[in-house]
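Biologist: I'd like to learn how to read a protein model. Could you put one up and walk me through it?

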Amino acid sequence: MTEIPAYEPAVVERKWQQFWEDTQAFVARDDLPREQCYYVLEMFPYPSGRLHMGHVRNYTIGDAVARYKRMRGFHVLHPMGWDSFGLPAEQAAIERGAHPRTWTYENIAYMRAQLKRMGFSYDWTREFACSDPGYAAREQDIFLDLVERGLVYRKSSLVNWSTGLECVLANEQVIDGKCWRTGMPVVQRELPQWYLRITAYAEELLAGLDELEGHWPEAVITQQRNWIGRSQGAEIDFAIEGHPGLKLTVFTTRPDTVFGVTFMSVAPEHPVLPRIVPATHREQLAAFTAEVRSVSAHERLGDTATKKGLFTGAYAINPVNDERVPIYAANFVVADYGTGAVMAVPAHDERDHAFARAYGLPIIEVIRPPAERQTPPIAEAAYTAPGVLTERCGIFAGMDSEQAKRAITDWLAQRGCGRAVTTYRLRDWCVSRQRYWGNPIPFVYSESLGATPLKKSDLPVLLPDDVVFDGRGNPLDKHPTWATTGSDGRPLVVRGPHGLEPARRETDTMDTFVESSWYFARFACHDNRRPDLGCAGPLDRQRVDHWLPVDLYIGGIEHAVLHLLYARFFQKALCDLGYSSKREPFKRLLCQGMVCMETFFRQDASGKPEYFYPDEVEIERDGKGRIVRAVAKRDGLPVQVGRVEKMSKSKRNTVDPQQLIETYGADTARLFVLSNVPPELDVVWSDDGVRGSHRFLKRLWHIVHAHAAELRGVAAYAGKAQALVGRDQAIVRKVHAVIKRCTDALERDFAFNTAIAQCMELLNELEPAHLRPEVLKLALTTLVRLLAPICPHICEELWEALGGVGGISAAGWPAYDEAEMLGDSIEYPLQINGRLRGKLTLPRELSGEELERAVRAHPAFRAALGERALSKLIIVPGKIINAVVA
RNA sequence: GCCGGGAUGGCGAAAAGGCAGACGCGACGGUUUUAAAAACCGUUGCCGCAAGGCGUGCGGGUUCGAGUCCCGCUCCCGGCACCA
């Protein structure tokens, strides 16, 4: 009996990680024909300290694809880096006194070691962190290019202000109207901020989605479409009574209803209001505006908010019929959508209808529903569908409302008081943050010039190290000298109209989504130099165009309209700056599901849940395996079994990947996260499931080593299945079938779960004692090659044990022959009237009339048919036989 | 409200109009063990002693044949939401 070595994952995994490093196995070249190349990328992590299970899943999927593509003969670019600017570093500084830079780079070192321990096949030579001066500085270059192209501007508008952190928050960092970190209220404040003109690309961002159809998840495409929110309509200018020079312009998608306007609603912040509101109404309006502003956008516009309005004392004149309509300030009108003003047509708009009823305003019908349509009286409900314009509509009376949209817009346009307009819900991207740990915005301010961009030769703007973190405001603002000191260490000056004058740096830093908007391009040319400045340039167009678009991009769906929209915008802007000609960055997108786990909790008197770690809970199950009761180990009292939810520290349902790797090894971890579900579905963590994956690897290890000695010198069976009999023949056919199914599963959907199932099935069917050595060798070498992308270390080891040399990826992906999958005879399912009633074994080569004769003559067929008369016989060769009887 | 995605055993899931439930987990029975764990073997959709019947959220339809296609519902998940 052969001595079988114990499966020690740590030993095997270290050995092969060393091998890959020594052979530089994953370093990508830039000079091979693009069609032989494949760029696979996972969304890079924020270095928060340790990997979590979400990372493990995301990166395992990407790595399995990278390794699979390499085995298929592709030259693969698979890079990794760090999205390393961001708020948690500053939070750590406040809470623990660690400097953000030290904290960040220590985290990177730890997490890099974890990634290496997982055996991910990254080209580490291309690694960078966004906080590296080399990256941040080149981003400042790009920022200045964007300024030159008119894609950057500074304006004052309402922003989310966190009262806890004393800084601006992005919309996504506002959860239910509260600051995501402190839980403190977020209020709207009027502040000057820097914006990127993403709206200049609204139409292209929308149109580009059509090409991504079929390659990106439908959910992401629709979310982006909704977010961009194109809306076609008209702007209409209303004169203002008593103010001949002024007008109030509204945006509407229903210009056909303009004859039914009975009042106007405008945002309380609308700039024209102060000029048109009579003194009698000013005080009230100021109070109303203050009240509206005191609540967050969430409360103001959320579905719980009540519609409130205030008559401003001013009147507008309807350009189509010269009617005088009152102007209301209303809390539901958004200042920066459309024109910040709305014409209200209560007869044909539900919201206007409700408002008119609440404030006693007239409701005038101007669109008549088709006669066949039953509609409630207009005083009771708005009619919003198409119809015919009523006699109130002047020359347009009798016109179909859809046609009238166009006709009225044209009529208004001819008179200079209206125009066809397309608006977007998408707003420009507010990129300034009042924070330290981010990339400085390369602008300075001076008395006579205001905001002035720095020259590229003055870059980079580096962050000072000696800053104080007290949790109040932006540390850069409080630094004694940084903002006023030039890169030469002398006082910062700019050349103004009257000579040199003192200047002060912008102390806002960029939103960290800026870094993640071009890192995928930088990976293509991470070492690019700029001969003109003797330093690294942002991007090398040739190499960016070589690698982009990324063939497969993998990450969580939570970035559907954030990172993925910003990155698409940035790529288009980079093209217009001359850095690339590939306008879409990601050809195919895979959004992996979350890693979830059951939760246990108990509610205290106030209803606040107290969560329990799974190992603090004892579970009782019934005969079917359902949980019937759960109690806390510490007191024996029941706890509630919560939903299966995304792993999170606050719910205490996390598993530390480090623990998993130490107990079972990286290969088991990788196998488990790819098993059981396709990548885009949520996976439910279970210790039992992990043990199942580990058990499979142990079985594979055992069977290979039990026969390695005898098989090492044996060639894998390469002949026809036909030449074999019995189990040998069956296994050869199975091997071909399994290779085909694995290949199809990966090519179609990256369905690693079904590929793994195929491999398990093959292993389950192997009975080594009954197989010829060449056939066993074929089966085993096939298995380890099919599994190599998923659990590469053990497969390398077993490949070597079976006599393979030069590493398993060099061995290539196994080939199959469909003809070899098929036996000489087929066991046809026999249906009677579509119900399965038996099996008919018939020779494979039969078809057409021959086959039909053989079926009719088959004893099992006659038996199943009995006395019943056959009215139709369906025979699908190779598939099924269905007899239709009366 | 609008948009998108779903619903298959006790659980996660497979099945590209052709044998529903592959594979894994759990459960049950067994082997081994002082015992447990681990490992291995077997059973496991539901009802029924069986023959057999019934089964892919519900109701219709197309088809020789539907989890899959069409029409109409119900429920669940996600996104957006006074967006004019």
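Biologist: Which side chains meet Arg117 in a salt bridge?

Modeller: This is a predicted model, where local features need pLDDT of at least 70, side-chain atom pairs count only at pLDDT 80 or more, and totals for chains, interfaces and linings use all residues. Residues are numbered from 1 along each chain as its sequence is written, chains are lettered from A and ligands numbered from 1 in the order in which they are written, and side-chain values use heavy atoms, with hydrogens and water left out. Now your pair. A salt bridge is a side-chain nitrogen of Lys or Arg within 4 Å of a carboxyl oxygen of Asp or Glu. Here, the side chain of Glu13 meets that of Arg117, at 2.8 Å from N to O. Glu13 sits in helix α1 (residues 9-22) and Arg117 in helix α4 (residues 100-117), so the pair ties together parts that are 104 residues apart in sequence. Helices (H or I, at least four residues) and strands (E, at least two) are DSSP runs, numbered from the N terminus.

Biologist: What does Arg101 form a salt bridge with?

Modeller: With Asp465, and the closest N and O atoms are 3.0 Å apart. Arg101 belongs to helix α4, while Asp465 is in the loop between β20 (450-453) and α13 (475-478), so this pair ties together parts that are 364 residues apart in sequence. Arg101 is partly exposed at 25%, and Asp465 is partly exposed at 45%.

Biologist: How many salt bridges does the structure hold?

Modeller: There are 54 of them. Another one joins the side chains of Glu291 and Lys308, at 2.9 Å from N to O. Glu291 is in helix α9 (residues 279-294) and Lys308 in the loop between α10 (297-301) and β11 (309-317), so the parts they tie together are 17 residues apart in sequence. Salt bridges can also link up: Asp30, Asp123, Arg126, Asp527, Asp540 and Arg543 form a network of them.

Biologist: How many disulfides are there?

Modeller: A disulfide is a pair of cysteine sulfur atoms within 2.5 Å. The structure has 0. For Cys596, the closest cysteine sulfur is in Cys591, 15 Å away, which is too far for a bond. Cys795 is in no disulfide either, as the nearest cysteine sulfur, that of Cys791, is 4.4 Å away. Cys596 counts as buried at 4% relative accessibility, and Cys795 counts as buried at 0%.

Biologist: What span should helix α16 have, and why?

Modeller: You take 1.5 Å times one less than the number of residues in the helix. Helix α16 (residues 563-576) has 14 residues, so it should span 20 Å, and its end C-alpha atoms are 20 Å apart, which agrees. Of those 14 residues, 13 are buried. After α16 comes Gly578, with a positive phi near 90 degrees.

Biologist: Now the RNA. How many residues surround RNA strand B?

Modeller: A residue is near a strand if one of its heavy atoms lies within 4 Å of it. By that rule, 54 residues surround RNA strand B, and the closest are Thr253, Arg351, Arg695, Glu761 and Lys839. Helix α21 gives the most to this surface, with 6 residues. By class, the surface has 20 nonpolar, 15 polar and 19 charged residues. Here Ala, Val, Leu, Ile, Met, Phe, Trp, Tyr, Cys and Pro count as nonpolar, Asp, Glu, Lys and Arg as charged, and the others, Gly among them, as polar.

Biologist: Which parts of RNA strand B do the atoms within 4 Å of the protein belong to?

Modeller: Sugar or phosphate accounts for 61% of those atoms, and bases for the rest. A phosphate oxygen of RNA strand B is 2.8 Å from an N or O atom in the side chain of Ser231.

Notes:
Buried means under 20% relative accessible area, exposed over 50%, partly exposed in between (1.4 Å probe, protein chains only). A polar contact is a pair of N or O atoms within 3.5 Å; within protein, one must be able to donate a hydrogen and the other to accept it, and residues adjacent in sequence count only if both atoms are side-chain atoms.
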